[in-house]
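Here's a quick look at a ligand and its surroundings, plus a bit of ring geometry.

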Amino acid sequence: MAVTRTFSIIKPDATRRNLTGAVTKMLEDAGLRVVASKRIQMTREQAEGFYAVHKERPFFGELVDFMISGPVVVQVLEGEDAVKRNRDVMGATNPADADEGTIRKTYAESIEANSVHGSDSDENAKIEIDFFFDEDEIVG
Ligand code: CMP
C-alpha cells in the first residue's frame with residue numbers, strides 16, 4: 001500500500017485540556033508519522049476559508065467561532081493509506097457514534113468540540129495541507 005499524506009487539526013477543545021500529546025500519541029500508535037506540526041491561533045478569515053465547503057450549513061457560524069476560540073495544532077501526517085488510517089483512529093464525527101478506542105470516543109466533548117479534524121480524501125488532503133503549510137515546512 002502506498003505511503004501518502006493527510007492533514008490533521010487538533011482542535012481548541014483538545015488544546016484547552018492539554019491533550020496535544022495524548023492525541024498525537026494515538027495518531028502515532030495508529031502508524032502515522034507527524035512530518036509537520038505547528039500550534040497556531042486561526043484567524044476568522046482562515047477558519048471561514050478552510051471550512052468554506054460548509055458555509056451553507058446551519059452550523060457554519062458556530063463551527064468558525066469554535067475553531068477560533070483557542071489555539072489549534074495543524075499537522076501533516078504520513079503513513080500507509082494515511083487518509084483512511086487517520087479517519088479510522090479519529091472515529092465518527094459525532095463522538096456518540098464513535099467506536100471504542102478512537103480519539104473522538106476517548107476525548108471529544110460533542111459533535112462540534114470533537115477534538116480532531118482529518119481530511120476525507122487524498123485530493124482534499126493536498127488542498128488542506130497547502131492551505132496551512134509551505135512544502136519546506138514538511139520534513140518526512
Ligand atoms: P470536521 O471534520 O472538522 O468538519 C466539519 C466540522 O463541523 C465537523 O468536524 C464537526 O466538528 C462540525 N460540526 C458541528 N456541527 C455539526 C453537525 N451538525 N454535523 C456535522 N458536523 C458538525
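## Where the ligand sits

Which pocket is the space taken by the ligand? That space is the largest pocket. A pocket here is an open set of points on a 1 Å grid over the protein atoms alone, with protein on both sides within 12 Å along at least five of seven lines.

Before going on: this is a predicted model, with local features needing pLDDT of at least 70 and side-chain atom pairs counting only at pLDDT 80 or more, while totals for chains, interfaces and linings use all residues. Residues are numbered from 1 along each chain as its sequence is written, and side-chain values use heavy atoms, leaving out hydrogens and water.

## Who surrounds it

The shell (residues with a heavy atom within 4 Å of the ligand) includes K11, Y51, H54, F59, R104 and E112. By type, the shell splits into 4 nonpolar, 4 polar and 3 charged residues.

For polar contacts (N or O pairs within 3.5 Å), the side chain of Y51 has an N or O atom 2.6 Å from a ligand oxygen, and the side chain of K11 has one at 2.7 Å. On its own the ligand has 450 Å² of accessible area (Shrake-Rupley, 1.4 Å probe), and the protein covers 78% of that.

## Ring pairs

There are 6 aromatic pairs, meaning Phe, Tyr or Trp rings with centres within 6.5 Å. F7 and F132 count as stacked (planes under 30 degrees apart) because their planes sit at 5 degrees, with centres 5.4 Å apart. F7 is in strand β1 (residues 3-10) and F132 in helix α7 (residues 122-132), so this pair links parts of the chain 125 residues apart.

Key. A polar contact is a pair of N or O atoms within 3.5 Å; within protein, one must be able to donate a hydrogen and the other to accept it, and residues adjacent in sequence count only if both atoms are side-chain atoms. On a 1 Å grid over the protein atoms alone, a cavity is a set of points where a 1.4 Å probe fits but cannot get out, and a pocket is an open set with protein on both sides within 12 Å along at least five of seven lines; lining residues have an atom within 4 Å of a point. A molecule sits in a cavity or pocket if more than half of its atoms lie within 2 Å of its grid points. Ala, Val, Leu, Ile, Met, Phe, Trp, Tyr, Cys and Pro count as nonpolar, Asp, Glu, Lys and Arg as charged, and the others, Gly among them, as polar. Rings of Phe, Tyr and Trp (its six-membered ring) pair if their centres lie within 6.5 Å; planes under 30 degrees apart count as stacked, over 60 as edge-to-face and the rest as tilted. Helices (H or I, at least four residues) and strands (E, at least two) are DSSP runs, numbered from the N terminus.
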